[in-house]
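The sequence and structure come first.

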Amino acid sequence: MFEHAEPSADTIPKTSSELPLETRRSFVGVLLGLGSVFVGGLLSVPLIRFALFPILRRTTELKESPVGAVTDFSSLNEPVMRTIQIEQVDGWRQAISEKAVYVTRDTQGQLRVLTSICPHLGCTVPWNKEKGKFACPCHGAIFAPDGTRIAGPSLRGMDALETSVRDGQLLVRFQYFRQLVPDREVIG
Ligand code: FES
């Protein structure tokens, strides 16, 4: 029979320096491991946010573009073309592009801005001053000065863009519309 020997007060370590060397090493190793996990977690937060940024943010954002002073169009009696700059934010990318639009009047005489993209298959529609109409050179679609469809293969009139007036400036929000459909449908 073995007798269980109670450790004497002299054999119980009192401080960490009195612990066996192996025990001290593994304790420090655990501390270092936990510290590495904590620091790694902290560092990964901005990386994860950066990676998810395009998903969390609205993918494509088109800002309003100035077309010109409203007074520039006060005596407008036929459509005039203006080139606008579009600032487009898509995920991390920010791009500036140019688009042609027409400033014209609706049947009530209010200013209206039309995209120059043909709603049939996307050609740029020129204003025909002699005929007093828009005439698409690609497949012959004809539109009235306010963009209303007159003839040809397009299933709808030219697309009007959302406008606003701020500090006397006419602003427009450029958008793309689905082609080959009878009703205006924004696609971006
Ligand atoms: S693209 Fe304009 S009529 Fe076809």
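A residue is called buried at under 20% relative accessible area, exposed at over 50% and partly exposed in between, with a 1.4 Å probe and protein chains only. By these limits Glu87 is partly exposed, at 24%. The model is predicted: local features need pLDDT of at least 70 and side-chain atom pairs pLDDT 80 or more, while totals for chains, interfaces and linings use all residues. Numbering starts from 1 along each chain as its sequence is written, and side-chain values use heavy atoms, with hydrogens and water left out.

**Fold and surface**

The chain has 1 helix and 11 strands, taken as DSSP runs (helices H or I, at least four residues; strands E, at least two) numbered from the N terminus. In sequence order the pattern is α-β-β-β-β-β-β-β-β-β-β-β. Of the 188 residues, 26% are buried. Among contacts (heavy atoms within 4.5 Å) with a separation of 6 or more, 47% join residues 24 or more positions apart.

Phe27, Val28, Leu31 and Leu32 make a nonpolar surface patch of about 420 Å². Such a patch joins nonpolar side chains (Val, Leu, Ile, Met, Phe, Trp, Tyr) within 5 Å, from residues with over 30% relative accessible area and no salt bridge. Leu32 belongs to helix α1 (residues 21-56) and is exposed, at 58% relative accessible area.

**Nonpolar cores**

A nonpolar core is a set of buried Ala, Val, Leu, Ile, Met, Phe, Trp, Tyr and Cys residues joined through side-chain atoms within 4.5 Å. The largest has 14 residues, and Val67, Ile84, Val103, Val113 and Leu161 have the most contacts inside it. Strands β3 (80-90), β4 (93-105) and β11 (169-173) each supply at least two residues of this core. Apart from it lies another core of 11 residues, including Cys118, Phe134, Phe143 and Met158. Beyond its neighbours within four places in sequence, Val67 contacts Phe73, Arg82, Ile84, Val103, Leu170, Leu171 and Val172.

**Aromatic rings**

Rings of Phe, Tyr and Trp (its six-membered ring) pair if their centres lie within 6.5 Å; planes under 30 degrees apart are stacked, over 60 edge-to-face and the rest tilted. The count is 3 aromatic pairs. Tyr102 and Phe134 form an edge-to-face pair, with centres 4.7 Å apart and planes at 70°. This pair links strand β4 to strand β7 (residues 133-135), 32 residues apart. Trp127 and Phe134 are also edge-to-face, at 5.0 Å and 65°. Tyr102, Trp127 and Phe134 form one aromatic cluster. Tyr102 is buried at 3% relative accessible area, and Phe134 at 0%.

**Salt bridges**

A salt bridge places a side-chain nitrogen of Lys or Arg within 4 Å of a carboxyl oxygen of Asp or Glu. The structure holds 6 salt bridges, among them those tabulated here.

| Salt bridge | N to O distance |
|---|---|
| Lys63 and Glu87 | 3.6 Å |
| Lys129 and Glu78 | 2.5 Å |
| Arg178 and Glu185 | 2.9 Å |

Lys129 lies in the loop between β6 (127-128) and β7 and Glu78 in the loop between β2 and β3, so their bridge ties together parts 51 residues apart in sequence. Lys129 is exposed, at 53%, whereas Glu78 is partly exposed, at 23%.

Terms used:
Patches are made of residues with over 30% relative accessible area and no salt bridge: like charges are joined within 9 Å, nonpolar side chains (Val, Leu, Ile, Met, Phe, Trp, Tyr) within 5 Å. Accessible areas come from the Shrake-Rupley method with a 1.4 Å probe; for residues, only the protein chains shown count as cover.
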